[in-house]
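Please look at the sequence and structure below before reading on.

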2 protein chains.
Amino acid sequence: MKKPLILVTNDDGITAPGLRNLVNFMAEIGDVVVVAPDSPQSGMGHAITIDNTLYVKQMKINSLPNLQQEYSCSGTPADCVKLALQEILDRKPDICVSGINHGSNSSINVIYSGTMSAAIEAGIEGVPAIGFSLCDFSWEANFKAAKKHIITIVSEALTNGIPKGVVLNVNIPKLEEKEIKGVKICRQARANWKEKFDKRTNPMGKDYYWLTGEFELLDKGEDTDEWALSQGYISVVPTQFDLTAHHAIHHINNWNLNEH
Amino acid sequence: MKKPLILVTNDDGITAPGLRNLVNFMAEIGDVVVVAPDSPQSGMGHAITIDNTLYVKQMKINSLPNLQQEYSCSGTPADCVKLALQEILDRKPDICVSGINHGSNSSINVIYSGTMSAAIEAGIEGVPAIGFSLCDFSWEANFKAAKKHIITIVSEALTNGIPKGVVLNVNIPKLEEKEIKGVKICRQARANWKEKFDKRTNPMGKDYYWLTGEFELLDKGEDTDEWALSQGYISVVPTQFDLTAHHAIHHINNWNLNEH
């Protein structure tokens with residue numbers, strides 16, 4: 001079998017340990033090209049750069065047999081994928097993997113996630129895609145504990161294909177290798193963030209805020225990503241970018257919108 | 001009936017004509033508070049500001065009887081909604097309206113949209129929310145043509161309630177008032193952008209790119225937002241932030257993920 005071409009990106013930047021680990025894992029199963037942001041882009045959601053210039057720089061960070069090329073980009077994660085697919089790669093990659101994110105992208109965090117926005121951008125452009133996140137913000141987190149599972153998930157995706165219009169959101173609990181119980185396919189848990197704004201005054205006397213908050217789980221289901229993670233499983237949520245709430249169309253069709 | 005409290009925001013900035021028109025329309029049906037970005041935030045997707053300070057400034061732009069307060073914010077559209085709900089407003093608003101965006105947010109554009117990210121953020125926090133966009137990028141666009149329809153949609157949403165977990169994505173065709181045929185409830189059309197990167201060299205000899213592209217409709221359905229707009233209707237897509245692709249769970253459960 002021909003070796004797959006694997007595009008690797010992330011939102012923490014090209015030198016982040018999470019990405020360097022993912023590059024190492026992927027180089028064991030395919031030819032790897034990296035196009036990743038030159039600086040951290042966490043919380044960027046699906047931002048794209050439409051009113052500014054984009055710079056791309058070829059890099060040499062690792063030396064691995066299957067690591068073909070690396071590029072850093074001044075834009076967002078979604079910009080990186082767009083640039084990779086249109087400008088940098090000679091052919092369509094067999095899969096795009098994004099991460100491994102330093103921190104969870106389970107539940108409602110998927111909405112704010114730069115890691116997932118890169119995967120979703122690839123999905124929109126017809127490339128099978130997976131976002132990986134480790135529920136540990138530390139720069140020294142143990143990314144190797146889930147190595148065998150990450151390789152299995154990517155290999156199975158390459159073998160079976162990901163359904164069209166679907167991108168996988170994979171979250172990994174903060175556990176040692178032997179403590180990880182396995183992989184569960186889940187739905188996105190209902191949750192939100194209870195914001196708290198930390199109000200301060202700057203040296204010039206002007207008030208400003210820092211955005212902080214607490215995660216609030218609103219879902220008791222045992223089929224959610226939050227539940228799986230709490231039980232020691234890796235969660236896989238198939239995620240879509242057709243946002244239509246089909247069940248709501250009937251309800252809204254009963255509104256009186258066309259007679260005044 | 002008590003007058004509803006209406007939170008108005010957008011992504012083009014607090015002085016954008018689209019927002020000023022929406023403020024005028026909303027002041028006819030409720031008490032209005034504005035919290036909007038101090039500068040344009042188009043294409044910001046669901047970005048939030050987690051590694052920078054946020055500034056808020058009280059503004060006086062219009063003088064309307066029902067316009068209670070206006071604030072500009074240095075953050076993204078999602079930041080504005082978080083600040084409004086947690087810091088600025090004394091009570092939960094009855095509805096949040098975002099826009100009117102200068103340009104379409106139909107189809108796949110919803111993913112990149114700052115206008116819709118503000119509405120979705122309100123939805124996540126349990127506030128009924130609607131994003132409005134006019135398919136005309138011009139600063140001099142005719143925002144008044146759809147006035148009566150916008151007021152009707154907001155009034156019906158206040159009367160009937162928007163289903164939980166659902167946010168409305170409303171797009172308005174670039175037409176004169178008498179040419180708008182009415183309102184259609186739609187699904188999101190399948191589409192993507194065919195990117196073209198315009199490569200240039202800066203005065204210092206360094207290459208850079210501008211992201212440009214062409215919209216590519218991949219959907220022939222007559223129940224989509226793109227179809228409705230092409231026929232002269234205002235499109236309303238009920239949009240959800242539970243991204244789970246439930247139909248794909250069974251498929252992926254057949255993968256060999258737990259035996260190695």
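Which strands of chain A does helix α6 of chain B lie across? Helix α6 (residues 246-253) of chain B lies across β7 (166-172), β8 and β11 of chain A. The helix runs at about 135° to β11(A). The model discussed here is a predicted one.

## The sheet of chain A

In chain A, nine strands make up an open sheet with mixed pairing. Their order is β3-β4-β2-β1-β5-β6-β7-β11-β8. The edges are held by β3 (56-59) and β8 (182-185) of chain A; each has a single partner strand, so one side of each is left without a neighbour in the sheet. From one strand to the next, the twist averages 20°.

Strands of a sheet can pair in a parallel or an antiparallel way, through backbone hydrogen bonds.

## A helix on the chain A sheet

Helix α1 (residues 17-26) of chain A packs on the sheet. The strands it touches are β1 (5-9), β2 (31-37), β4 (67-73), β5 (95-102) and β6 (129-134) of chain A. The direction of this helix makes about 140° with that of β5(A).

## How the two chains are related

Chain B has an open sheet of nine strands in the order β3-β4-β2-β1-β5-β6-β7-β11-β8, and the pairing is mixed. Here β3 (56-59) and β8 (182-185) of chain B stand at the edges with a single partner strand each, so one side of each lacks a neighbour in the sheet. On average, neighbouring strands are turned by 20° against each other, direction ignored.

Strand β6 (residues 129-134) of chain B pairs with strand β7 (residues 166-172) of chain B in the parallel sense, over five bridges. In this pairing, B:L134 stands opposite B:I172 in β7(B).

## Helices on the chain B sheet

Helix α3 (residues 114-124) of chain B lies across β1, β5, β6, β7 and β11 (233-240) of chain B. Its direction is at about 170° to β6(B).

Methods. Residues numbered from 1 in each chain as written. Chains lettered and ligands numbered in written order. Predicted model: local features only at pLDDT ≥ 70, side-chain atom pairs only at ≥ 80, totals over all residues. Heavy atoms only, no water. Pairing = 2+ DSSP bridges. Helix = DSSP H or I, 4+ residues; strand = E, 2+ residues; numbered from the N terminus. Axes fitted to C-alpha atoms, helices over the stretch in contact; angles between N-to-C directions. Contact = heavy atoms within 4.5 Å.
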